[in-house]
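Subject: Structure for your review

Dear colleague,

Please find below the structure that I am handing over to you. My findings follow directly after it.

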Amino acid sequence: MNFATYTAQGQQFYGVDTGTGMIALSPYFPDWPTLRDVIAADALHQLALKAQDLAVSHTDFTYNIPVPNPEKIICVGVNFPDRNAEYKDGQDAPPNMSLFPRFARSFTGHNGTVIRPPETPQLDYEGEIAIVIGKGGRRIAEADAYNHIAALTLCNEGTLRDWVRHAKFNVTQGKNWDNSGAMGPHLVPFTSAAQLDDVELTCHVNGELRQQDRTSRMLFPIRRQIAYISTFTTLVPGDIIVTGTPTGAGARFDPPRFLVPGDTVTVAAEGIGTLSCTVADE
């Protein structure tokens with residue numbers, strides 16, 4: 001079963017995403033107000049058991065980001081071979097990964113609207129897989145890293161390109177505009193290494209394939225991401241790691257192909273699902 005956070009009739013719920021509607025589960029688990037609390041309690045299986053006895057409760061709803069209140073969202077940059085080559089600086093892949101934080105309010109949910117602000121027209125897309133931490137830890141060994149993942153989801157890690165160049169070593173301000181990216185549609189429980197080790201990831205804009213690669217080609221595999229990040233910060237349940245995007249973002253075309261109002265961005269990955277959003281001006 002896939003688990004989603006959504007809004008219906010002015011109230012936020014979490015439940016099972018059946019594909020045709022939602023089975024609300026949050027009313028039955030008041031001790032766990034959000035999916036972050038469910039994950040911290042290692043209780044996704046309890047939600048699944050409860051859902052077996054229930055019917056669809058909502059067919060008119062709005063998707064929210066799956067974990068609405070993560071302590072932190074950490075993103076990995078330049079994590080595919082062709083992405084490194086895109087920079088045309090003649091340098092080999094670096095020995096350590098590039099990282100930056102994002103804030104939850106910088107994302108909208110599945111089928112939501114990504115906002116292009118008036119300060120810049122350079123809104124770009126980046127299709128990525130995101131992992132949600134289930135078991136917290138510090139200095140997690142690579143061999144144990146997958147044991148710390150609760151679930152998977154998708155991300156359009158929207159970027160305001162000129163704002164990532166406002167400072168010499170800092171991209172944070174170009175990555176955190178309100179509603180500049182999307183995340184979802186739901187959480188897919190992580191139960192097998194095959195869900196991550198060699199998975200195709202694609203991103204389409206208006207039906208045109210722009211990005212395509214496989215997780216097996218990552219410069220910094222997800223096991224290493226968890227080990228490296230947990231070296232300097234304690235990972236806690238509900239934390240999200242956005243694992244890197246393939247080549248083909250709009251900034252790398254000549255001339256650049258930034259998003260404009262009316263565009264539709266669709267991110268998909270085998271076994272995880274499809275995340276879609278449209279673009280509008282603020």
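Of the 282 residues in the protein chain, 53% are buried. Please note that the model is predicted.

The protein chain contains four helices and 18 strands. Its radius of gyration is 18 Å, close to the 19 Å given by the globule rule for 282 residues, so the chain is as compact as a globular protein of that length. Among contacts with a separation of 6 or more, 75% are between residues 24 or more positions apart.

The accessible surface amounts to about 12,100 Å², and carbon and sulfur atoms account for 48% of this. The chain carries 22 positive and 31 negative side chains, with the centres of the two sets 5 Å apart.

Helix α4 (residues 222-232) has as its buried residues I222, Q225, I226, A227, I229 and S230. These pack against β5 (73-77), β6 (98-102), β10 (127-133), β11 (149-156) and β16 (240-242).

There are seven aromatic pairs in the structure. One of them joins Y6 and F61 edge-to-face, at 5.6 Å centre to centre and with 65° between the planes. Y6 lies in strand β1 (residues 3-8) and F61 in the loop between α2 (44-51) and β4 (62-63), 55 residues apart. Y6 counts as buried because its relative accessibility is 0%. Ring pairs also link Y6, F13, F61 and Y63 into a cluster.

W163 and W177 form an edge-to-face pair too, with 4.8 Å centre to centre and 85° between the planes. Both residues are in the loop between β12 (159-160) and β13 (181-189), 14 residues apart. W163 is partly exposed, at a relative accessible area of 24%, whereas W177 is buried, at 17%.

Yours sincerely

How values were computed. Residues are numbered from 1 along each chain as its sequence is written. This is a predicted model: local features need pLDDT of at least 70, side-chain atom pairs count only at pLDDT 80 or more; totals for chains, interfaces and linings use all residues. Side-chain values use heavy atoms; hydrogens and water are left out. Helices (H or I, at least four residues) and strands (E, at least two) are DSSP runs, numbered from the N terminus. The radius of gyration is taken over C-alpha atoms; the globule rule is 2.2 Å times the number of residues to the power 0.38. Buried means under 20% relative accessible area, exposed over 50%, partly exposed in between (1.4 Å probe, protein chains only). Contact means heavy atoms within 4.5 Å. Accessible areas come from the Shrake-Rupley method with a 1.4 Å probe; for residues, only the protein chains shown count as cover. Lys and Arg count as positive and Asp and Glu as negative; His and the chain ends are not counted. The place of a charge is taken as NZ of Lys, CZ of Arg, CG of Asp or CD of Glu. Rings of Phe, Tyr and Trp (its six-membered ring) pair if their centres lie within 6.5 Å; planes under 30 degrees apart count as stacked, over 60 as edge-to-face and the rest as tilted.
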